[in-house]
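Me: I have a structure here that I would like to go through with you. Could we take it residue by residue?
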Amino acid sequence: MTIDAVWQCLCPKHFDSLNSMRMITGALLILAAEQAFAHALLVPFPNNVFATEFLYPVSMVLAVLGIGFLIWGIVSDQRQPSTSSSTKPDK
């Protein structure tokens with residue numbers, strides 16, 4: 001059972017918000033990548049070599065994943081027109 005199927009069972013009316021969740025996930029991963037990069041630059045001298053060897057690749061992986069989720073959410077976003085009663089003509 002995929003996360004899409006679980007989400008659709010739990011909230012059938014809000015299934016379209018899954019794309020928003022992808023975009024929010026992407027934004028959070030990009031934020032985490034920025035924080036990892038910033039921490040790599042701020043680690044003091046004795047440990048800076050080890051920190052940069054670990055945090056630079058981690059920040060790149062997080063940035064790629066974040067951009068991927070963000071693009072996936074934007075591309076798969078299909079808004080349906082509102083079917084409220086105010087758009088129906090009066091007779």
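Me: To begin, is F69 buried, exposed or partly exposed?
Reply: Please note that this is a predicted model. F69 is partly exposed, because its relative accessible area is 27%, and buried would mean under 20%.

Me: Which ring pairs with F69?
Reply: F69 pairs with W72: the ring centres are 5.8 Å apart and the planes stand at 45°, so the pair is tilted. Both residues lie in helix α3, 3 residues apart, which is about one turn of the helix.

Me: What lies over the face of W72?
Reply: R22 does, at 4.0 Å from the ring centre. W72 itself is partly exposed, with a relative accessible area of 44%.

Me: How many aromatic pairs are there by this rule?
Reply: The count is 2. One of them joins F37 and Y56, a tilted pair with 5.4 Å from centre to centre and 35° between the planes. F37 belongs to helix α2 (residues 17–42) and Y56 to helix α3, so this pair ties together parts that are 19 residues apart in sequence.

Me: New topic: is S59 buried or exposed?
Reply: S59 is buried, with a relative accessible area of 3%. S59 is located in helix α3. Leaving aside residues up to four places away in sequence, S59 touches A33, A36 and F37.

Me: And which residues make the nonpolar surface patch?
Reply: I30, I67, I71 and V75 make this patch of about 350 Å². Helix α3 (residues 45–75) gives the largest share, 3 residues. I71, which is found in helix α3, is partly exposed at 47% relative accessible area.

How values were computed
Residues are numbered from 1 along each chain as its sequence is written. This is a predicted model: local features need pLDDT of at least 70, side-chain atom pairs count only at pLDDT 80 or more; totals for chains, interfaces and linings use all residues. Side-chain values use heavy atoms; hydrogens and water are left out. Patches are made of residues with over 30% relative accessible area and no salt bridge: like charges are joined within 9 Å, nonpolar side chains (Val, Leu, Ile, Met, Phe, Trp, Tyr) within 5 Å. Accessible areas come from the Shrake-Rupley method with a 1.4 Å probe; for residues, only the protein chains shown count as cover. A salt bridge is a side-chain nitrogen of Lys or Arg within 4 Å of a carboxyl oxygen of Asp or Glu. Helices (H or I, at least four residues) and strands (E, at least two) are DSSP runs, numbered from the N terminus. Buried means under 20% relative accessible area, exposed over 50%, partly exposed in between (1.4 Å probe, protein chains only). Contact means heavy atoms within 4.5 Å. Rings of Phe, Tyr and Trp (its six-membered ring) pair if their centres lie within 6.5 Å; planes under 30 degrees apart count as stacked, over 60 as edge-to-face and the rest as tilted. A charge sits over a ring if NZ of Lys or CZ of Arg is within 6 Å of the ring centre and within 35 degrees of the ring normal.
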